[in-house]
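Q: I would like to learn how to read a helix and its packing. Please take me through an example.

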Amino acid sequence: MTDPEKLIGATPLPEPPESLNRRVAAAMDEARHRHGGRRPAMVPLWAFAAGCMACTLIGFLIHPLVEWPAPPPTASDGVGVVIVEPLRRDLRVLGTKPDRKQRSFWLEERGELKPLVRGN
Amino acid sequence: MSTDFFDQVRRCYVENHRGLFGYALSLTRNRAAAEDAVHAVICRLLDRGTIPSEPRPYLYRAVRNAAVDTWRRGASREEPLFDGGAGSGPDPELRLQLEACLFRLDTDQREVILLKAWQGLTFREIGEVRGQPANSAASLYRRGLHKLKALLEEKER
């Protein structure tokens with residue numbers, strides 16, 4: 001009498017078609033190509049933190065060297081009137097204190113502050 | 001994904017491709033459908049990006065799912081299961097008898113018998129593949145084998 005267990009065990013497994021091997025090889029090549037064979041490089045968080053701290057420190061060190069633009073003088077800065085003739089009717093002298101950088105006067109023209117340059 | 005991963009996938013395929021193909025063939029009874037099922041499983045493993053801790057039950061379970069999908073789409077021409085490896089194993093006539101008897105068994109019993117006796121999976125692995133306890137797989141195997149023996153004896157007479 002035949003033992004079915006032994007009979008099945010002795011039966012060889014079927015040989016897969018060659019096309020399956022080719023398809024699997026192609027799928028693996030495609031996957032390898034898609035992923036470039038390695039993980040994408042990632043910048044660690046500590047590098048971001050170190051970069052931020054370095055920029056802050058450099059900014060703090062160089063800030064006295066930077067010539068910041070002086071704010072325009074306001075009416076409260078003006079002491080004494082030196083401009084004899086009003087240049088135009090719609091111009092109003094705000095003050096006589098010259099801008100330290102520009103050596104010019106600031107006027108208000110139609111609600112807008114403008115520097116008064118020589119020759120105007 | 002590292003090169004190591006692709007080497008592991010290749011190793012998984014080389015070690016299991018005959019078993020997986022045989023299992024898929026036993027479920028679909030069609031070589032083209034079985035080939036599609038195994039191919040789909042390897043593609044899924046590549047997309048997954050990691051090798052499971054126990055690759056064999058994972059691969060067999062995935063082949064089972066893929067084969068069931070193929071079967072649901074509509075059965076195609078049925079092809080013989082035990083036709084490979086001419087010159088080794090039982091003689092062709094006995095193989096045909098065995099195959100005929102196997103396909104007279106209940107589907108679950110046949111599947112478990114083939115996974116155990118043909119593919120060499122353990123009952124624990126079969127349980128993982130089929131989503132059932134190992135004892136249930138063992139019980140199906142014993143009952144199926146008993147019935148198969150009776151069918152073969154009937155043919156011999």
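Q: What span does helix α2 of chain A reach from its first C-alpha to its last?
A: In this predicted model, α2(A) covers residues 18-35, 18 residues in total, and reaches 26 Å. That is close to the 26 Å expected at 1.5 Å a residue.

Q: Which residues of α2(A) are buried?
A: They are A:Leu20, A:Val24 and A:Ala31.

Q: Why do the buried residues of α2(A) line one face of the helix?
A: An α-helix has 3.6 residues a turn, so residues three or four places apart point the same way. Here the buried residues of α2(A) fall within an arc of 35° when seen down the axis, so they line one face.

Q: Which exposed residues does the face turned away from the buried side of α2(A) carry?
A: That face carries A:Glu18, A:Ser19, A:Arg22, A:Ala26, A:Asp29, A:Glu30 and A:His33.

Q: What do the buried residues of α2(A) pack against?
A: Their partners are α1 and α2 of chain B.

Q: How do the axes of α1(B) and α2(B) cross?
A: The axes of α1(B), residues 3-28, and α2(B), residues 31-48, come within 8 Å and cross at roughly 145°. The crossing is right-handed. Among the residues making the contact are B:Tyr13, B:Leu20 and B:Phe21 of α1(B), with B:Val38, B:Ile42 and B:Leu45 of α2(B). By type, the residues of this contact divide into 14 nonpolar, two polar and one charged.

Q: Returning to chain A, in what order do its elements run?
A: From the N terminus on, the order is α-α-α-β-β-β. Buried residues make up 11% of the 120 residues in chain A.

Definitions and conventions:
Residues numbered from 1 in each chain as written. Chains lettered and ligands numbered in written order. Predicted model: local features only at pLDDT ≥ 70, side-chain atom pairs only at ≥ 80, totals over all residues. Helix = DSSP H or I, 4+ residues; strand = E, 2+ residues; numbered from the N terminus. Buried ≥ 20, exposed ≤ 12 C-beta atoms within 10 Å, placed from the backbone. Axes fitted to C-alpha atoms, helices over the stretch in contact; angles between N-to-C directions. Left-handed = near helix turned anticlockwise from the far one by under 90°. Contact = placed C-beta atoms within 7 Å. Nonpolar A, V, L, I, M, F, W, Y, C, P; charged D, E, K, R; others polar. Expected span 1.5 Å × (residues − 1). Arc of directions from axis to C-beta.
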